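Visitor: I am new to this structure and would be grateful for a guided reading. Please take me through its features one at a time.

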Amino acid sequence: MSGILASLFGWAFLVPLLPALAFIVIGLFGDRLRRLEHGGWIAVGAAFVSMVLAVLIALGEMASPDTYTSLSYTWLSLPANPTFPYGFSLVIGTLVDPLSSLMLIVVTVVGFLVLLYSIGYMHHEHGLSRYYAELSLFLTAMIGLVLSNNLLEFFLFWELVGVCSYFLIGFFYEKPSAASAAKEAFLITRIGDILFLLGIFIFFYVYASDGPAGLHWASSGFLFAYGNLPFLAGSLGANTPLLTIAGLCILAGAAGKSAQFPLHVWLPDAMEGPTTVSALIHAATMVAAGVYLLAMTSIFLGFTPTDQFAIVAIGGFTTLFAATMAVVNTDIKRVIAYSTISQLGYMVLAVGAGFAMVGLYHLFTHAFFKALLFLAAGSVIHAIGTQDLFKMGGLKRHLRVTGAAFAIGGLALAGIPPFAGFWSKDDILSSVYSVTGSHPEYWPFLLMAMAAVFLTGYYIFRVWFLTFSGDRIRDPTLPTPHEGPWVMQVPLIVLSGFAVGAGLLIFIPGFANLFLLPGGVTALGIPPTYGTTDILLSVLGVGLGGAGILTAWLLWGNGRVFQLPEGSVWSSARKVLVNRYYFKVAYDAVGAKAVYSVARAADFVDQFVMDGTVRGIEQLFSRISERMRRIQSGVVSDYAAYVVGGLLAVFVLLLLVGPYLVNRVGGG
Amino acid sequence: MSDWGAFGAFVGPFLPELLLLAGALLVFLLDVLEVRRVELNGAIAVAVTAVGLLLVLADLGVAPFAGLALIPAGQIDSIVTPSSAPLYSFTSLGLVFQAFFLLSALLVSLGSMSRPSKERGSAVFFGLLLLATLGMMLVGVASDLLFLVLAIEVVSISTYLLVAYTRRDARSVEAAMKFYIIGALSTVLSLFGVALLFGAFGTTNLYAIEGSAVGTPTLVLLGYGLLVAGLAFKVTLVPFHAWAVDVYDGAPHDVSAFLAGGTKKIGLFAFFLVFIGPILLARWGASFNPLGGPGVEIGPLLQVLLAVLAVVTMTVGNLLALQQKEIKRMLAYSSISQAGYMLIGITVATAPAVAGATLQIFAHVILTTGAFLVVAAVAALGVGARIDDWRGLGLRRPYLGVAFSFMLLGLAGIPLTVGFVSKFVLFSSAIQAEGYFVWLAIAGVLNSAASVFYYARVIKVMFLDAPDPSAPPSRPEAPGLAFEGLGYGRAVAIGLVAVLVIFFGIDPQPVLGVVQSAAQHFVLVGP
């Protein structure tokens, strides 16, 4: 059986190909596919087959974990030359290994469920074929990213998912806020991407001057091939400034994609896109690509100790920083968006502390329960048409499935056992704790992450109580809510199942194989161990999460609305939080000022240099022709005059000026 | 039987041309029989040009088709003795240009085949398109000045009619009139030039002129000068360019695509044919032709003249393009300035320079044809002609927006597009040639840098500017990804161009190899 499954590894390229075909078909036939809900069912079908293939591939990896199959096609190759003694080749291919098959499950399962949910959720929108085509293209790019077998290919798909994200955030492009959010997301992630590319260049330089093996490897686009690991090990841990800078550049790229401090500002605004897009791209998959990049880099390139500290600091700080902003937000989607930033912070923290696979374990569980929360929020929005928490209330009687699903997602997020989030978050905390002995500088960030656990429980259940508890809807003008169609309920139920059980999967020996490091090495912290300290830490974590939930119930339960006393310290703190620590304001101001001064300089050049020149020449030519243009027949004779004038100029050049010039400059 | 064999050997090499002729006649015949379907006529044009393209590629020895070659290998790039003075000869550079012409005609046919056919006259459009392409093909094999001028006339007359084929649109008719008057004037200049050269050498054959005894210098100079002026009309060199802006602007969009992307290139090939001889003669002197031919002093003079025209053309074209508010006029001026770059290759006239110019011409064929097809597609969606009207188009129409961005980036010569490769090869060849040619490369690089402004501006308008709130809202049944309302043919043609731009930008070798070998042969044996 495992042999049959392993033979599928060579066919892994079909997994991204099917959504690509769906993209082409939907794009070509567009709204002619009205019967198929504008191509939606084609996208769902393609994603379903992809998912089945991906699950089979993952089963194969679980059965025989150490195998990997790499299919490569040399896209471009330069012959050997002095700069590249081994030539240079750009390779496109698929790499199937335990890690990529784990990611495949995440992307295809959530992708399929979100597409299915979209059939109901997006039913009333316009431009559906555009939506399904772009979402299919996104799936192609995201699957291509996780299957990449070298860093340059990875970067190409990385850019492509960014472009898809831009289009999908701006899906309601007629809304100015959506168009501007799309632009913001694109530009801010671009900052990270440029640094990421710079990081690749520096790594190239470092490895190319590190002897033939390194040069060979770098010249083939940093193939993710296990044979490279031994010689890489020599470079690991070397705290050279150049490697540190390269690592920081990679971190910047990851921070941009995964919305880590200080490049976090775009993600909450990206909620302008459809909720389904938020669930798939801005919760489960694309934003996790940054964490995946960090994990891959830590495995294949290695970070220096300085880089590791920077990653831990960014991740740990972001967990608390984002959670505080989630506490006061009144928009159901934005609270979940801040929560995503905070949870991504946990993953970054884990990778930085040297537990790449523990970070990916949380990525795995988080993808499901966060997608669940978004889809449940979407179900609420679908039912009553508002995102304002203070207009909702009492919905649990109307939306039973949604309410239960949101509660399960919330419990998973808050880290309550046995729900999925508990196992992975707890593993992160105990893993990071285990290295605080040798790295006391990690302590502050571990404490921030612990504090964020309390806030997590609080903010997510504040949303639940405000939305679902109480006996009535606060805004009486809202319509009577009702559950969405089956296509919306089935994904909620399936994802609820994952939110309950995904964390426990790790204790199945076969499944834990998906977390093996290259060469079949067991990853640190996988599966989680439970010594006395670990259990104490778990109890503390659950206690903090539970206390958060309890606080939320006290303040917001049963339709209560908590108001801060006017004029207290708390209300001014609240103001800072509502204004998102003034980051957006500051970015806008700095950005506007920078752009403005560049624009002024450009304007100066434009007005006095360009325009002057242009106008001079323009006047030379067009003053006559403008006058002539008033009489139509005049224009042609004008042109004819140019021709004759040009002929005279040719003669003058050939007979008079030319011989002089040729004598001066010499012939060709 | 043997008669048939000889006939086949004579006709076989011209099968692509004969196919074009048959296609044109079939289209006209169907019109007379009142079978008037745009798709059918378009399909005929697509089929004929596609098969023709395949055959020409086969003759060039391009890998998968080489078995279909119709021209015996020995006849391509064969050494021609001046005394044989053939009317036509096959050079691999000529075949490369034929492939470009057919590619342009193929893209335009594809782009027009599913266009809404409100106006009758699709037969006129496709028939004339095929006839014009036939004339262009003949330019590609010409080796006699009279043959060349006649072939150019076949193209010109077909295109005068093409511009006005809708007959109802006053702007098109006016453009056609201007085109015709300036075109006729240019033909007269060319013919007069040919007559003077005949007076000087006693022949109009390019091989014979190269191998002849020295002619009267003044007659020779005036003759070449007149030919420069006459041919510069087709190439749209400044100041012979003025017609082009009005005609590209006023003509139906598909016709503009063909004029700017296709027919313009026959002038460039004619420049190669006519001026390579004197330049090579000056370079190699007596070893090239002991009798003296046009005279060794002619070549350097022509090079200086062409260098001046190149710099003036690219600079004026770019500066005026910067000023344009309408997309089509911007593209027209951009196309004029691009002709300046291509002229560098003819001026320098070394094998790498000819290869660079030819690659630049290839880039321009697909990019300009594609760009005008996008303009046609956007106009068909009811969007205005001003650049400002395109605000937010990238989000509304991602397919068109992304494809057009690829084309603009290609025209600007950004890396990873074919436009970068071609400019790189071209400018570096000018630097290798040393002397004042280095200044041509510098002028070219500066101009390319300036041109990025107006190309990038359109991309910015399409993707970063908010849609105009006062513009009429898009139809309630919001469009699909992009393809709705485009028509299959047009969508495919635009997509094909976008893919080719990037594909050959990443891996130019397939084109570059063919072009380099053709250029190598051309500077060794070409007329």
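Visitor: What should I know about numbering, lettering and the origin of the model?

Guide: Residues are numbered from 1 along each chain as its sequence is written, and chains are lettered from A and ligands numbered from 1 in the order in which they are written. This is a predicted model, in which local features need pLDDT of at least 70 and side-chain atom pairs count only at pLDDT 80 or more, while totals for chains, interfaces and linings use all residues.

Visitor: How many helices and strands does each chain have?

Guide: Helices (H or I, at least four residues) and strands (E, at least two) are DSSP runs, numbered from the N terminus. Chain A has 25 helices and two strands. Chain B has 20 helices and zero strands.

Visitor: What share of each chain is buried?

Guide: A residue is buried if 20 or more other C-beta atoms lie within 10 Å of its own, exposed if 12 or fewer, and partly exposed in between, with C-beta atoms placed from the backbone. In chain A, 53% of the 668 residues are buried. For chain B, the figure is 63% of 527 residues.

Visitor: What share of the contacts joins residues at least 24 apart?

Guide: Two residues are in contact if their C-beta atoms, placed from the backbone, lie within 7 Å. Among contacts in chain A between residues at least 6 apart in sequence, 81% link residues at least 24 apart. In chain B, residues 24 or more positions apart provide 78% of the contacts with a separation of 6 or more.

Visitor: How confident is the prediction for chain A?

Guide: The predictor's confidence in each residue is given by pLDDT, from 0 to 100. Chain A has a mean pLDDT of 81, and 85% of its residues reach 70 or more. Over residues 624-634 of chain A, pLDDT stays under 50, and the model has seven contacts beyond four places in sequence for them. Where pLDDT is low, the predicted coordinates should not be read in detail.

Visitor: Which residues have the most contacts inside the largest nonpolar core?

Guide: A nonpolar core is a set of buried Ala, Val, Leu, Ile, Met, Phe, Trp, Tyr and Cys residues joined through C-beta atoms within 7 Å. The largest has 218 residues, and those with the most contacts inside it are A:Val110, A:Val291, A:Phe368, A:Ala371, A:Leu372 and A:Ala499. Helix α16 (residues 356-384) of chain A gives this core its largest share, 20 residues. A second, separate core has 216 residues, including B:Met113, B:Ile279, B:Leu305 and B:Tyr333. Beyond four places in sequence, the contacts of A:Val110 include A:Leu280, A:Ala284, A:Phe368 and A:Ala371.

Visitor: At what angle do helices α3 and α5 of chain A pack?

Guide: Axes are lines fitted to C-alpha atoms, for helices over the stretch in contact, and angles run from 0 to 180 degrees between N-to-C directions. Helix α3 (residues 40-63) and helix α5 (residues 128-147) of chain A pack at about 15 degrees, with their axes 9 Å apart. α3(A) is therefore roughly parallel to α5(A); angles under 35 degrees count as roughly parallel, over 145 as roughly antiparallel, 65 to 115 as roughly perpendicular and the rest as oblique. Among the residues that meet are A:Gly40 and A:Ala43 in α3(A), and A:Leu128 and A:Tyr132 in α5(A).

Visitor: How are α7(B) and α10(B) placed?

Guide: Helix α7 (residues 170-201) of chain B and α10(B) pack at about 150 degrees, with axes 8 Å apart. The two are therefore roughly antiparallel. Residues making the contact include B:Arg171 and B:Phe179 of α7(B), and B:Trp243 and B:Val247 of α10(B).

Visitor: Which backbone details deserve attention?

Guide: A cis peptide bond joins A:Phe261 and A:Pro262, with omega about 0 degrees. Another cis bond runs from A:Pro417 to A:Pro418, with omega near 5 degrees. In chain B, B:Thr236 is not a glycine, yet has a positive phi of about 60 degrees. B:Thr236 lies in the loop between α9 (217-235) and α10 (242-250) and is buried, with 28 other C-beta atoms within 10 Å.
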